[in-house]
Amino acid sequence: MLKHYNITVTGKVQGVWYRKSTWIKAEELRIKGYVMNLPNGSVYIEAEGDQNQLQNLLKWCSEGPEYAIVDHISFKESNMQFFEHFMILR
């Protein structure tokens, strides 16, 4: 069963290749959705996949790429959007 998560990641997550690395991980996990920077310095992700795929993404997000320092991750389940692929938004 597919689920949709809205994920917000705070900390030093901009300027450290977080979006690109999230895209790579999402492609690996076969997750659909998007990732974008927010004006407040956080990263926002909408992700769709099965429970296992999404849990693996959340686990990865808690670490992020090499130079990221993740302070906090929050997520909530939301309505499916049926994305066709995973994108990086500006």
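Where does Thr22 lie? I found Thr22 in helix 1, taking helices (H or I, at least four residues) and strands (E, at least two) as DSSP runs numbered from the N terminus.

**Ground rules.** I am working on a predicted model, in which local features need pLDDT of at least 70 and side-chain atom pairs count only at pLDDT 80 or more, while totals for chains, interfaces and linings use all residues. Residues are numbered from 1 along each chain as its sequence is written, and side-chain values use heavy atoms, with hydrogens and water left out.

I looked up accessibility, where buried means under 20% relative accessible area, exposed over 50% and partly exposed in between (1.4 Å probe, protein chains only). Thr22 counts as buried because its relative accessible area is 0%. Not counting residues up to four places away in sequence, Thr22 touches Val35, Ile45, Trp60 and Phe86, a contact being heavy atoms within 4.5 Å. Ser21 has its place in helix 1 and is buried because its relative accessibility is 18%. With neighbours within four places in sequence left aside, I noted Trp60 and Pro65 as contacts of Ser21.

**The helix pair.** I then turned to helix 1 and helix 2, which pack at an angle of about 155° with their axes 10 Å apart. The pair is therefore roughly antiparallel, since angles over 145 degrees count as such, under 35 as roughly parallel, 65 to 115 as roughly perpendicular and the rest as oblique. For these values, axes are lines fitted to C-alpha atoms, for helices over the stretch in contact, and angles run from 0 to 180 degrees between N-to-C directions. From helix 1, Tyr18, Ser21, Thr22, Lys25 and Leu29 meet Gln53, Asn56, Leu57, Trp60 and Cys61 of helix 2.

I traced an open sheet of 5 strands in the order 4-1-3-2-5, with mixed pairing; two strands pair if DSSP finds at least two bridges between them. At its edges I found strand 4 (69-78) and strand 5 (86-88), each pairing on one side only. Neighbouring strands are turned by 20° against each other on average, direction ignored. Helix 1 packs on this sheet, touching strand 1, strand 2 (32-37), strand 3, strand 4 and strand 5, and its direction makes about 170° with that of strand 5. Helix 2 lies across strand 1, strand 3 and strand 4, running at about 155° to strand 3.

**Strand by strand.** Strand 1 pairs with strand 4 in the antiparallel sense over 9 bridges, and Asn6 stands opposite Lys76 in strand 4. Strand 2 and strand 3 also run antiparallel, joined by 6 bridges, with Met36 opposite Tyr44 in strand 3. Their hairpin has 5 residues between the strands, and there Gly41 takes a positive phi near 95°. Strand 2 and strand 5 pair in the parallel sense over 3 bridges, and the bridge partner of Tyr34 in strand 5 is Met87.

**The core.** Last, I looked up the nonpolar core, a set of buried Ala, Val, Leu, Ile, Met, Phe, Trp, Tyr and Cys residues joined through side-chain atoms within 4.5 Å. The largest one has 21 residues, and those with the most contacts inside it are Ile7, Val9, Tyr18, Ile31, Ile45, Leu57 and Cys61. Strand 1 (2-12), helix 1 (18-29), strand 3 (43-50) and helix 2 (51-63) each supply at least two residues, and the largest share, 5 residues, comes from helix 2. Leaving out residues up to four places away in sequence, I listed Val9, Tyr18, Ile45, Val70 and Ile73 as touching Cys61.
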